[in-house]
Amino acid sequence: MKLKYNDYSNLPIGKYYEILDICNSDLSKIEKDLAVIAVLLDVTEDEVYKLKPEEVYELQQQLKFLSKPATGNSRKIKKINIAGKNYKVLSKLDELNIGQYVDFQFSWNNEHLDNLQEILSIFIIPEGCKYNEGYDIIEV
């Protein structure tokens, strides 16, 4: 059995937040592992509780990627497609305008893990648009 989300590169932000909530909960270690496994398998916890101990052990071994920091991808991504829409990705400071920089500083200083979507919306801009012009930034 293999986790559906087994690496940071394919872990959706929503799943990441679910895992953070589990890790910050008062559950025991094994309960946390089982809850995280359910999230990463994209199944209910009840389904995980029906697994055999050796299957759970195998899945626990696959959780090890979570104990290491995410490493940056060495290739520079300039464009991405999300839900059929094309976006440009700004990765250099000189590509930002002052409004983006100020928004980034504000979002980063205000519990940046809670504002991850807002931070990403500063650097991911719909093609053909300028920051916060010609599109709905909340939608992005």
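**Note on a predicted model: salt bridges, core and surface**

1. The structure holds five salt bridges. Keep in mind that this is a predicted model.

2. Start with Lys4 and Asp42. Their side chains meet in a salt bridge, at 3.1 Å from N to O. Lys4 sits in the segment before H1, while Asp42 sits in the loop between H2 and H3, so this pair ties together parts that are 38 residues apart in sequence. How accessible are the two partners? Lys4 has a relative accessibility of 46%, so Lys4 counts as partly exposed. Asp42 has 38%, so Asp42 also counts as partly exposed.

3. The side chain of Lys15 meets the side chain of Asp42 in a salt bridge, with 2.7 Å from N to O. Which parts does this pair tie together? Lys15 belongs to helix H1 and Asp42 to the loop between H2 and H3, so the bridge joins parts that are 27 residues apart in sequence. Is Lys15 buried or exposed? Its relative accessible area is 14%. Buried means under 20%, so Lys15 is buried.

4. Lys4, Lys15 and Asp42 are linked in a network of salt bridges.

5. Lys29 and Asp33 meet through their side chains in a salt bridge of 3.0 Å, N to O. Both residues lie in helix H2, four residues apart, which is about one turn of the helix. Are the two partners buried or exposed? Lys29 is exposed, with a relative accessible area of 62%. Asp33 is buried, with a relative accessible area of 12%.

6. The largest nonpolar core has 19 residues. Leu3, Ile37, Leu40 and Val48 have the most contacts inside this core. Which elements give two or more residues to the core? They are helix H1 (13-23), helix H2 (29-41) and helix H4 (53-62). H2 supplies the largest share, eight residues. In soluble globular proteins, nonpolar side chains tend to be buried together.

7. Glu31, Glu45, Asp46 and Glu47 form a negative surface patch. Where does the largest share of the patch come from? Helix H3 (residues 45-49) gives three residues. Glu45 is placed in helix H3. At 37% relative accessibility, Glu45 is partly exposed.

8. Last, a loop residue. Ser67 is found in the loop between H4 and strand E1 (79-82). Is Ser67 buried or exposed? Its relative accessibility is 61%, so Ser67 counts as exposed. How far is Ser67 from Glu18? In sequence, Ser67 and Glu18 are 49 residues apart. In space, they are 16 Å apart, C-alpha to C-alpha.

How values were computed: Residues numbered from 1 in each chain as written. Predicted model: local features only at pLDDT ≥ 70, side-chain atom pairs only at ≥ 80, totals over all residues. Heavy atoms only, no water. Patch = residues over 30% accessible without salt bridge, like charges linked within 9 Å, V, L, I, M, F, W, Y side chains within 5 Å. Areas by Shrake-Rupley, 256 points an atom, 1.4 Å probe, with all protein chains shown as cover. Salt bridge = Lys/Arg side-chain N within 4 Å of Asp/Glu carboxyl O. Lys, Arg positive; Asp, Glu negative; His and termini not counted. Charge placed at Lys NZ, Arg CZ, Asp CG, Glu CD. Buried < 20%, exposed > 50% of the residue type's maximum accessible area, 1.4 Å probe, protein only. Core = buried A, V, L, I, M, F, W, Y, C linked by side-chain atoms within 4.5 Å.
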